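Colleague: Before we discuss this model, could you put the sequence and the structure up, so that we can go through the questions one by one?

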Amino acid sequence: MNWQYKPSLLALSVILLSACASQPTHNERVAELESVPSVWQQLPSSDKVLAVEDNWLQQLHDPQVFTLVEQALAYNQAILQAGYDVAIKEQQLIAAGADLWPSLDLSTRASRSKDNRPVSYKNANSASLELSYEVDLWGKLSASERQANLEYLAEKATFAQSKQQLVADVVSGWFDVITNQKLLELYKQREQNAEQNLSIIEFGYRQGLNEALDVYLARNELNTERSNIAAQQATLTKSIRDLERLTGQYPTGALSVSADLPLLDSAIPLGLPSELITRKPELMASWYQLLSTDAGLAYAHKQRFPSLNLSASMSDSTDRVSDLFSPSSLAWSLIGSISMPLFEGGRLKANEEQARLNVKRQEQAYLATLYDAFNDVETAISQEQALKVRYEKTLEAQENAIAAERLSFEQYQSGLVTYTTVLDAQDRSFNAQSSVIEIKNQLIINRINLHIALGGDFSEANSEVAEQ
């Protein structure tokens, strides 16, 4: 039997107020939920509140990243383990539900004995059929099954969150590879420029136009760029291996990625903070865990009530197996028993108190998860706004730095500035160009994190399955 919960802020408050009717100890309100904002704080007042959209992965329009995501979902070891965790919880749910049904057991026994005074042999065969059933008077067994079912739903929600995070990690890793490739190309371009500068300076030195210091500085610059290329190549290879591991492949470092860094500047529909509770799988998992501990408290409370057990048995024993369960020799019994704990040394009371404390603890865990989720969204929104400004200003700085680099070398050849001025201009140019590449990547990664923080799924099909 499946239980589906679609909590809202109102439903959460009501359920946490009422809890279980048989649990007078659990009736305190989680008042912190009243402080949930009506809109995102970082949302400009002029923007309209639009519902969060799924299928964000399709915005990338690249077949390779789609293939990598499919491979990761099919072969990533961590996500496969999470899938098995869901299957295990499902079997535990079946086992818990079986307690609500009668159990029927069949046992047989056959023996042969010898007596030496006088010598004789005796065969003995017996068989018994026993039926036992515990009447769920107080809903104790139902509470146990409900707890198992909620744990199963929590595991399913955790699995959904793990898949979303895996897709985000694959896409982020893919863009990290592209970023490192772009930086490697920039380093190689810097190496070519350093080689050209060194050739010009050495020629001028042989003509008596340049000083030996300039030659040494140019050679040092070239060696530095070659060292940077080696380091960046290692960084690129590592990022490729990390991406290969995410897709469940052996990390050979041989994956070839050919793409550019897009500029994702379109607005993202943010929805409302209250909608996050029912959208984000991580919050749903924490919610189900809270309800599960509440069901565990109900079970622990009802353990202190009497239990009514019914049992029926049918048995027979004969010398020959063929005569078993003959109507003339059958014996049967029907027993009903009521048992109630009278003295347990405080064990049952302690178990109930422990369960009550677990509920209170899980309430705070849920609130922590909830406000962390709000914080992730607010941080991603403000980060995107700041990164857009940084990108625009760094793009302008890049244009100025490239022009200054070109002009400084021309002035050096004219004898107007020293070569250290050229090196300083080259460093500024490189820093600006590398910053443009890195900020574009940060914009993309932050955009992915914002989609995950909002609970946006990577495909429409998966979101529909999650709703069902």
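Predicted model: local features only at pLDDT ≥ 70, side-chain atom pairs only at ≥ 80, totals over all residues.

Colleague: How are helix α4 and helix α9 oriented where they pack, roughly parallel or roughly antiparallel?

Modeller: Helix α4 covers residues 140-206 and helix α9 covers residues 419-453, and their axes lie 10 Å apart at an angle of about 170°. Because angles over 145 degrees count in that class, α4 and α9 are roughly antiparallel. By class, their contact has five charged, ten polar and 14 nonpolar residues.
The orientation asked for is thus roughly antiparallel.

Colleague: Does Gln-232 count as buried or exposed, and which backbone oxygen lies 3.2 Å from a polar atom of its side chain?

Modeller: Gln-232, which lies in helix α5 (residues 212-246), has a relative accessibility of 8%, and because buried means under 20%, it counts as buried. Not counting residues up to four places away in sequence, Gln-232 touches Leu-183, Leu-184, Tyr-187 and Asn-180. The backbone oxygen that lies 3.2 Å from a polar atom of the Gln-232 side chain belongs to Asn-180.

Colleague: Which residues do ring pairs link into a cluster?

Modeller: A search of the whole structure finds seven aromatic pairs. The cluster linked by ring pairs consists of Phe-409, Tyr-412 and Tyr-419.

Notes:
Residues numbered from 1 in each chain as written. Heavy atoms only, no water. Phe/Tyr/Trp six-rings, centres within 6.5 Å; stacked < 30°, edge-to-face > 60°. Axes fitted to C-alpha atoms, helices over the stretch in contact; angles between N-to-C directions. Helix = DSSP H or I, 4+ residues; strand = E, 2+ residues; numbered from the N terminus. Parallel < 35°, antiparallel > 145°, perpendicular 65-115°, else oblique. Nonpolar A, V, L, I, M, F, W, Y, C, P; charged D, E, K, R; others polar. Buried < 20%, exposed > 50% of the residue type's maximum accessible area, 1.4 Å probe, protein only. Polar contact = N/O pair within 3.5 Å; in protein donor to acceptor, adjacent residues only side chain to side chain. Contact = heavy atoms within 4.5 Å.
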